[in-house]
Amino acid sequence: MAADAIEAAFAPFREEGRALLPSDAAVLDAHTHLGVDEDGQSLELDALLAALDEVSGDARACVFPLHDPDRHPGYRRPNDRVLAWAGESGGRLIPYCRLDPSEDPVGEAERCLARGARGIKLHPRAQAFEFGIAAADDIFRVAREAGVPILIHAGRGMAPMDALADLALRYPEVTLILAHAGIAGQGMFASRLADHPGVVYDTSTLSTFDVIELFARVPAERIVFASDVPYGRPAFGLYQALRVGAKVAGLSEDELSMLAGGTMASVLDGAPPPAATAPRVPEVRPVVGRLLRVTTYLHSAFASMLAGDGRRDPTRALPWIAMGRTVCRDPEPGPAGDALARIDASLDAAERILLAGGRQAFAAIGLVHSTMVFAATEPAASDGAGPG
């Protein structure tokens with residue numbers, strides 16, 4: 001398939017994303033990586049800046065190393081590389097240092113903070129630790145003294161994280177950023193840390209329902225956009241965050257600006273997060289049944305593209321896309337008719353991209369995800385009859 005046809009398939013989502021982003025918003029992605037990872041992922045400076053350019057030419061990002069094979073001792077060399085790349089970025093990248101609690105984390109944190117690091121990244125799954133260890137307290141003390149935030153992996157693959165909640169409550173002065181919408185314990189975190197003055201959740205998670213439920217459990221003022229690039233893309237991640245914020249949570253333009261980057265910028269400047277209000281999304285919500293069916297099929301389609309033996313194969317999505325299109329062909333679509341027509345056009349393009357094969361087939365991953373986000377966030381009327 002020609003590149004212009006692929007671009008045309010993405011155009012409705014790009015245009016809507018630009019329309020949802022307030023004109024005065026300064027975009028700041030709270031969660032990005034550079035370097036190489038043991039899992040085969042990698043990202044270079046130019047590629048990260050190009051990905052941010054898809055959002056806007058002045059979009060910025062917080063950045064830290066991947067799970068680099070060259071990480072011993074204590075991520076020293078990967079941290080140095082990230083600090084150097086941030087220095088070459090023209091101010092667009094804000095460097096964090098990544099720490100291993102078993103390899104002199106205090107010394108490495110102090111070294112990096114002295115060289116310009118603005119935050120700390122911890123990945124308890126990759127580094128195989130839990131938070132009831134003395135080193136975790138030591139790291140939080142360093143962050144408290146330096147006045148910098150700590151971003152922590154709180155996504156898939158984690159054991160119960162109650163010990164992290166205990167630790168956060170012992171250090172209420174430390175701003176804690178729970179990555180991946182805190183899905184490793186979203187309900188536990190929302191309940192136990194409700195009164196913590198500085199807990200922030202980033203939106204870098206694949207399921208739109210996780211982000212919607214986050215807005216139902218925690219204050220909108222404590223939620224920040226993040227992409228997790230190279231595992232996500234800033235443009236797709238921002239579309240999801242803004243679409244949930246605008247269409248489901250009903251945020252104002254000022255609030256959408258804070259979601260897109262304003263809150264994260266304030267945190268980096270040392271200010272506390274904005275004053276918290278009640279969650280904006282009700283825990284029991286009306287849905288459009290036809291759109292819910294499409295969303296579940298597309299969730300399966302998207303997951304199938306990434307699943308398996310580690311070899312991404314986007315063509316695995318074809319049976320699920322076909323199921324989604326059967327919903328779109330309903331002869332009595334009801335109030336969801338316009339939305340289903342748009343979804344069907346997008347899925348038709350995704351099928352053609354996949355069937356064309358080659359590397360361009362991977363473009364369908366983002367198209368399926370964007371379509372899933374649209375289907376999951378199309379508003380329902382208060383009586384549940386259809387899009388509002």
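User: Which residues does V174 touch, not counting residues up to four places away in sequence?

Analyst: This is a predicted model, in which local features need pLDDT of at least 70 and side-chain atom pairs count only at pLDDT 80 or more, while totals for chains, interfaces and linings use all residues. Residues are numbered from 1 along each chain as its sequence is written, and side-chain values use heavy atoms, with hydrogens and water left out. Contact means heavy atoms within 4.5 Å. With residues up to four places away in sequence not counted, V174 touches F140, A143, R144, V148, I150, H196 and G198.

User: Where is V174 placed, and is V174 buried or exposed?

Analyst: Helices (H or I, at least four residues) and strands (E, at least two) are DSSP runs numbered from the N terminus, and V174 sits in the loop between α6 (162-170) and β8 (176-178). Buried means under 20% relative accessible area, exposed over 50% and partly exposed in between, with a 1.4 Å probe and protein chains only. The relative accessible area of V174 is 2%, so V174 is buried.

User: What C-alpha to C-alpha distance separates V174 and R144?

Analyst: R144 is among the residues that V174 touches. The two are 30 residues apart in sequence, and in space their C-alpha to C-alpha distance is 5.3 Å.

User: How are helices α4 and α5 oriented relative to each other?

Analyst: Two packed helices are described by the angle between their axes and the distance between the axes. Here axes are lines fitted to C-alpha atoms, for helices over the stretch in contact, with angles from 0 to 180 degrees between N-to-C directions. The axes of α4 (residues 105-114) and α5 (residues 134-146) come within 9 Å and cross at roughly 20°. Angles under 35 degrees count as roughly parallel, over 145 as roughly antiparallel, 65 to 115 as roughly perpendicular and the rest as oblique, so α4 and α5 are roughly parallel.

User: Which residues make the contact of α4 with α5, and how do they divide by class?

Analyst: On the α4 side the contact uses P105, V106, A109 and L113, and on the α5 side A135, D138, I139, V142 and A146. Ala, Val, Leu, Ile, Met, Phe, Trp, Tyr, Cys and Pro count as nonpolar, Asp, Glu, Lys and Arg as charged, and the others, Gly among them, as polar.

User: What is the orientation of α11 relative to α14, and is their crossing left-handed or right-handed?

Analyst: Helix α11 (residues 289-306) packs on helix α14 (residues 363-377) at about 155°, with the axes 9 Å apart. That angle makes α11 roughly antiparallel to α14. A crossing is left-handed if the near helix is turned anticlockwise from the far one by less than a right angle, and right-handed if clockwise. For α11 and α14 the crossing is left-handed.

User: How many nonpolar, polar and charged residues does the contact of α11 with α14 have?

Analyst: Helix α11 contributes L291, V294, T295, L298, H299, A301, F302, M305 and L306, and helix α14 contributes A364, I365, V368, H369, T371, M372, A375 and A376. By class, the contact has 13 nonpolar, 4 polar and no charged residues.

User: What does H369 touch, not counting residues up to four places away in sequence?

Analyst: H369 lies in helix α14. Its relative accessible area of 8% means that H369 is buried. With residues up to four places away in sequence left out, H369 touches L206, Q240 and F302.

User: Which residues have the most contacts inside the largest nonpolar core?

Analyst: A nonpolar core is a set of buried Ala, Val, Leu, Ile, Met, Phe, Trp, Tyr and Cys residues joined through side-chain atoms within 4.5 Å. The largest one has 74 residues, and those with the most contacts inside it are L93, I120, L164 and F215.

User: What is the phi of D228?

Analyst: Most residues other than glycine have a negative phi, and most peptide bonds are trans. D228 is in the loop between β10 and α9, and its relative accessible area of 14% makes D228 buried. Although D228 is not a glycine, its phi is positive, near 65°.

User: What is the omega of the peptide bond from V229 to P230?

Analyst: P230 lies in the loop between β10 (223-224) and α9. The peptide bond from V229 to P230 is cis, with omega near 15°.
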